[in-house]
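The sequence and structure come first, then the points by topic.

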Amino acid sequence: MIDRYLSAREEMVDSQIRARGILDERVLAAMRLVPRHIFIDSALRTQAYDDYPLPIAGGQTISQPYIVACMTELLRLVGHELVLEIGTGSGYQTAVLSRLCRQVYSVERLNSLLTQARKAFDSLSYFNITARLADGTLGWPDAAPFDAIIVTAGGPEVPPPLIDQLADPGRLVMPVGDQKQQQLRLLTKNNGRIQTETLAGVRFVDLIGAHGWKN
Ligand code: SAH
């Protein structure tokens, strides 16, 4: 299949991602590979590789490519990991993760988004993704522990079930703050100890659930 967007994608990786300091070659390769336009409504498709977030169904957004790269790099995946993602949304972040680890478990609370994302995974033959409809603030206990956890919606705190379901060693990244703005938080678990780092300011849609904002 001819990919009309290949050069746009390469340009995106060079000018938005590598140029801003993302150096993990595996992350750069995954972002060169995954056809982001497949995850975007056809009316917005020509903007798929532009440097900003875009609306998706259900009043949600697909993150700016740089933010996807940045959060993915923070997980330091090498290939053997089980990864949990909260907030499947369009499925784009899920797809990038799936090229970098053994298996991705992804949780979404809106059925319309989940259905569309699953179609995209199937059409690309990305078979190491399992996605389900649930409140992701409760994690995915049956598949835990996870070597890495990524939350792609903003909440008031890191949900305690996610910390419990993080492997040791393990890394978790999530936007934490109020409903207007958040900061990326990186938790690392090592020898039973949790370390927390607060990173860049970001804006994500709400994490809604038992350990998130109320609906
Ligand atoms: N990673 C996605 C981001 C989508 S926006 C992408 O690249 O497209 C965040 C998503 O989190 C939304 O789809 C929203 O419905 C979902 N979400 C919010 N709270 C959730 C929860 N408690 N459990 C699962 N998904 C949730």
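Val-173 has Leu-186 as its bridge partner in strand S8. These residues belong to strands S7 (residues 166–177) and S8 (residues 182–190), which run antiparallel and are joined by eight bridges. Two strands count as paired if DSSP finds at least two bridges between them. Helices (H or I, at least four residues) and strands (E, at least two) are DSSP runs numbered from the N terminus.

The model is predicted, so local features need pLDDT of at least 70 and side-chain atom pairs count only at pLDDT 80 or more, while totals for chains, interfaces and linings use all residues. Residues are numbered from 1 along each chain as its sequence is written, and side-chain values use heavy atoms, with hydrogens and water left out.

**Sheet**
- Seven strands form an open sheet in the order S5-S4-S3-S6-S7-S8-S9, with mixed pairing.
- Strand S5 (129–133) and strand S9 (193–202) are the edge strands, each pairing on one side only.
- On average, neighbouring strands of this sheet are turned by 15 degrees against each other, direction ignored; axes are lines fitted to C-alpha atoms, for helices over the stretch in contact, and angles run from 0 to 180 degrees between N-to-C directions.
- Strand S3 (residues 82–86) runs parallel to strand S6 (residues 146–151), with four bridges between them; Leu-84 has Ile-149 as its bridge partner in S6.
- S7 and S8 form a hairpin with four residues between them.
- S8 and S9 also form a hairpin, with two residues between them, and Asn-191 in the turn has a positive phi of about 50 degrees.
- The S8 and S9 pairing is antiparallel over eight bridges, and Leu-187 has Thr-196 as its bridge partner in S9.

**Helices**
- Helix H5 (residues 111–123) lies across strand S4 (103–108) and S5, at about 165 degrees to S5.
- Arg-9, Met-12, Val-13, Gln-16 and Ile-17 of helix H1 (residues 6–18) are buried; buried means under 20% relative accessible area, exposed over 50%, and partly exposed in between (1.4 Å probe, protein chains only).
- The cover over these H1 residues includes helix H2 (25–33), helix H3 (65–74) and helix H4 (92–98).

**Ligand**
- The ligand is surrounded by 26 residues, the closest being Ser-90, Glu-108, Asp-135, Gly-136 and Ile-208; a residue counts here if one of its heavy atoms lies within 4 Å of the ligand.
- A polar side-chain atom of Ser-90 is 2.6 Å from an oxygen atom of the ligand.
- Polar backbone atoms of Gly-87 and Gly-136 lie 3.2 Å and 2.8 Å from a nitrogen atom of the ligand.
- Taken alone the ligand exposes 570 Å², of which the protein buries 99%; accessible areas come from the Shrake-Rupley method with a 1.4 Å probe.

**Gln-165**
- Gln-165 lies in the loop between helix H6 (160–164) and S7, and is buried at a relative accessible area of 9%.
- Its side chain reaches the backbone oxygen of Leu-138 at 3.1 Å.
- Beyond its neighbours within four places in sequence, Gln-165 has contacts (heavy atoms within 4.5 Å) that include Leu-84, Trp-140, Pro-145 and Ile-149.

**Backbone geometry**
- Ala-144 and Pro-145 are joined by a cis peptide bond, with omega about 0 degrees; Pro-145 lies in the loop between S5 and S6.
- A cis peptide bond also joins Asp-168 and Pro-169, with omega about 0 degrees, and Pro-169 is in strand S7.
- Arg-76, in the loop between H3 and S3, has a positive phi near 50 degrees and is exposed at 58% relative accessibility.

How values were computed
A polar contact is a pair of N or O atoms within 3.5 Å; within protein, one must be able to donate a hydrogen and the other to accept it, and residues adjacent in sequence count only if both atoms are side-chain atoms.
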